[in-house]
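Q: Hi, I've just opened this one and I'm new to it. Can you walk me through what's in there?

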Amino acid sequence: MAATGDLILEVNNIEVVYNKAIQALRGLSLAVPKGKIVALLGSNGAGKSTVLKAVSALLPMENGLVTEGRITFDGEAVEQTAPHTLVRRGLFHVMEGRRIFADLTVEENLTAATYALTGRDIAPDFDIVYRYFPRLAERRKSIAGYLSGGEQQMLAIGRALVAKPRVILLDEPSLGLAPLLVEEIFAIIARINAEEGVSMLLVEQNASVALSIAHYGYIMETGRIVIDGPTEKLTSDRDVQEFYLGLSHKSYRDIKHYKRRKRWLS
Amino acid sequence: MAIEFIDIVETSLAGLGTGSLMALTGVAFVIIYKATKVINLAIGEMLMIGAFVFYGFSAGLALPIWASVPATLVVAALIGGVIERTMIRPLLKDNPVSVFMVTIGLTSVLIGVVELVWSAEPRRLPEFLPQQPVLLGDAFIPSKTAYSFLIASAVMAVLITVFAFWRGGIALRATATDRAAASSVGIDVPGVFSFSWMLAATVAALAGILVGSVGGISSAMGLFGLSVFVVVIVGGLDSILGALIAGLFIGWLEAMVGRFMGGEFKLLATFSILLIVLVVRPYGLFGTHEIERL
Ligand SMILES: Nc1ncnc2c1ncn2[C@@H]1O[C@H](COP(=O)(O)OP(=O)(O)O)[C@@H](O)[C@H]1O
Ligand SMILES: [Mg+2]
């Protein structure tokens, strides 16, 4: 795809092992061009969250280790970098399951994110959060644990906005939300990308909604990429339509059959 | 037998004096718990080693008070930092129970160090608080009780104010709630760990200097920590304000019961309060309980 200089994030052939035993990624590569939204799709357990944790250096906290390969953020290697240092350099990871600080208020959650500005000459700005998510403005003094699921997701993205990142890793923002709310939040994610110029690596199981806002997509299975391409190409691909966008009514058995066939062919 | 009003007042004031020191030590415990969720059973021994370090500077090296107090606090902070770095951080990924066990071991280590350096003998700290007893109306308060109350209260007032308005208070709470999420928003989690142990060790050492100046020091003075555990359980493990109020209350209660019912009822009164609180509010009077709805 793009030349290396235009990439904000580059993952090259990484292998990840948990607890020194379980191999979760096998030679996985992907790239995020500056200013673009890249979707990383795949079913539950494929290894999507592992990719994001490898990039944001949160893996060691879960006893995971990148054993092979390279990850570069804006041309610099991220291995050996502490997670908070990466955040302060502009790489923000919105973790799966939102992970808001439940017993802090909305505003305190945003204040916590101002640590991402340490060492950078940027004044904290909460108004940007309240502009994109007016609902949070009304609830700024509420305890975050009492917000609805959608509001918590907004707060998780809001913390990223406070951190003024150059790239945001988003892990399943649609998880557990009603379809209408999913559309609303994805529209805002697309706006943030366009208006703030933030690049994004968007992990989703919900392929159709992710591809509706992404510029490029990767599809992964059991630790490796199986298909990738610009969004238009992916959405017109028959296999993708069938197995990831749910446009056919084939059963799980057919999928297994398909996988077997694919293995024979490759 | 009529109980005289003045007796009640004097006993109450003495109780609040002891209570303020329990509260201050409780605050040190809470700081560690707030940031790291570690139940530090060695808080009494951290107080003790602070008192001995002060003894070393003020009696051993005969430094003046204005030099030996700051020197003690600096050394205490270093000790706190070393404990965190060598005994606590390696266990970060393990379950809280193993960290809790390590703090039990820490009590023996600290007692051992003190007995090696200073022997097990009880000692007196040099007098440094004004000797003149304080009169409040007709009530007579021993000067050490009065001044240690004032110092402890001032320090707690500063800590409460700082944690209410300073962003670092939020970093502490965020780290306690979810370490990975705290890292993910840019908080230096290992830094928060070090900081909280260093601050707690400093506060505990200050409490040790005050406790020691009232009652002398010995390698067994860490037992003071037992009352402190009752204080933090009653006040709520993660509430500085809770430690303050529970400390004053339990100090007062123990003094009143000891004076008017007899010393043998003190423990009974304290543990009755503990039991009632555990039944009615298991997370303490001011502690936060986990928010279950998500
Ligand atoms: N903390 C962990 N410890 C051990 N194995 C893990 C851990 N997290 C994930 N795994 C394993 O790694 C694989 C990929 O998981 P994950 O990256 O969470 O997938 P996804 O996000 O695509 O659902 C799964 O087989 C999962 O069991
Ligand atoms: Mg996942």
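Q: Let's start with A:Ser49: buried or exposed?
A: A:Ser49 is buried, because its relative accessibility is 16%. Buried means under 20% relative accessible area, exposed means over 50%, and partly exposed is in between, with a 1.4 Å probe and protein chains only.

Q: Before I go on, what should I know about the model and the numbering?
A: This is a predicted model, where local features need pLDDT of at least 70, side-chain atom pairs count only at pLDDT 80 or more, and totals for chains, interfaces and linings use all residues; side-chain values use heavy atoms, with hydrogens and water left out. Residues are numbered from 1 along each chain as its sequence is written, while chains are lettered from A and ligands numbered from 1 in the order in which they are written.

Q: Which scores does the predictor give the complex?
A: The ipTM is 0.89 and the pTM is 0.86.

Q: And what is the mean pLDDT of chain B?
A: The mean for chain B is 90, and 97% of its residues reach 70 or more. pLDDT is the predictor's confidence in each residue, from 0 to 100.

Q: OK, back to A:Ser49. Which residues are the protein donors of the magnesium ion?
A: They are A:Ser49, through OG, and A:Glu96, through OE, and they lie 2.0 to 2.4 Å from the magnesium ion, which is ligand 2. Those two link distant parts of the chain, 47 residues apart: A:Ser49 is in helix α1 of chain A, and A:Glu96 is in the loop between β6 (91–94) and α3 (106–113) of chain A. Donors here are N, O and S atoms within 2.8 Å of the metal (3.2 Å for Na, K and Ca), and water is not among the atoms, so sites may look incomplete. Helices (H or I, at least four residues) and strands (E, at least two) are DSSP runs, numbered from the N terminus.

Q: How accessible is A:Glu96?
A: A:Glu96 has 34% relative accessibility, so it counts as partly exposed.

Q: What about ligand 1, which residues come nearest?
A: There are 13 residues around ligand 1, and A:Gly45, A:Gly47, A:Lys48, A:Ser49 and A:Thr50 come nearest. A residue is near a molecule or strand if one of its heavy atoms lies within 4 Å of it.

Q: Which element gives the largest share of that shell?
A: That's α1(A), with 3 residues. Both β2 (22–33) and α1 (48–55) of chain A supply at least two residues each.

Q: How many of the shell residues are nonpolar, polar or charged?
A: The shell around ligand 1 has 4 nonpolar, 7 polar and 2 charged residues.

Q: Where do polar side-chain atoms meet ligand 1?
A: One on A:Ser49 lies 2.7 Å from an oxygen atom of ligand 1. A polar side-chain atom of A:Glu62 lies 3.1 Å from a nitrogen atom of the ligand, and one on A:Tyr18 lies 3.5 Å from a nitrogen atom of ligand 1. On its own, ligand 1 has 560 Å² of accessible area, and the protein covers 70% of that.

Q: Why is α1(A) described as largely enclosed?
A: Because 8 of the 8 residues of α1(A) are buried, the helix is largely enclosed by the rest of the structure. Among them are A:Lys48, A:Thr50 and A:Leu52.

Q: What follows α1(A)?
A: A:Ala57 follows, and its phi is positive, near 65 degrees.

Q: Where does A:Asp74 lie?
A: A:Asp74 is in the loop between β4 (64–73) and β5 (76–77) of chain A. Its phi is near 55 degrees, a positive value in a residue other than glycine. A:Asp74 is partly exposed, with a relative accessible area of 30%.

Q: Switching to chain B, where is B:Asp178?
A: B:Asp178 lies in the loop between α6 (167–177) and α7 (179–184) of chain B. With a relative accessible area of 13%, B:Asp178 is buried. A polar atom of its side chain lies 3.0 Å from the backbone nitrogen of B:Ala181.

Q: Last one: which helix of chain A holds A:Leu136?
A: A:Leu136 is in α5 (residues 134–138) of chain A, and A:Leu136 is buried at a relative accessible area of 0%. A:Leu136 and A:Gly158 are 22 residues apart in sequence and 8.9 Å apart in space, C-alpha to C-alpha.

Definitions and conventions:
A polar contact is a pair of N or O atoms within 3.5 Å; within protein, one must be able to donate a hydrogen and the other to accept it, and residues adjacent in sequence count only if both atoms are side-chain atoms. Accessible areas come from the Shrake-Rupley method with a 1.4 Å probe; for residues, only the protein chains shown count as cover. Ala, Val, Leu, Ile, Met, Phe, Trp, Tyr, Cys and Pro count as nonpolar, Asp, Glu, Lys and Arg as charged, and the others, Gly among them, as polar.
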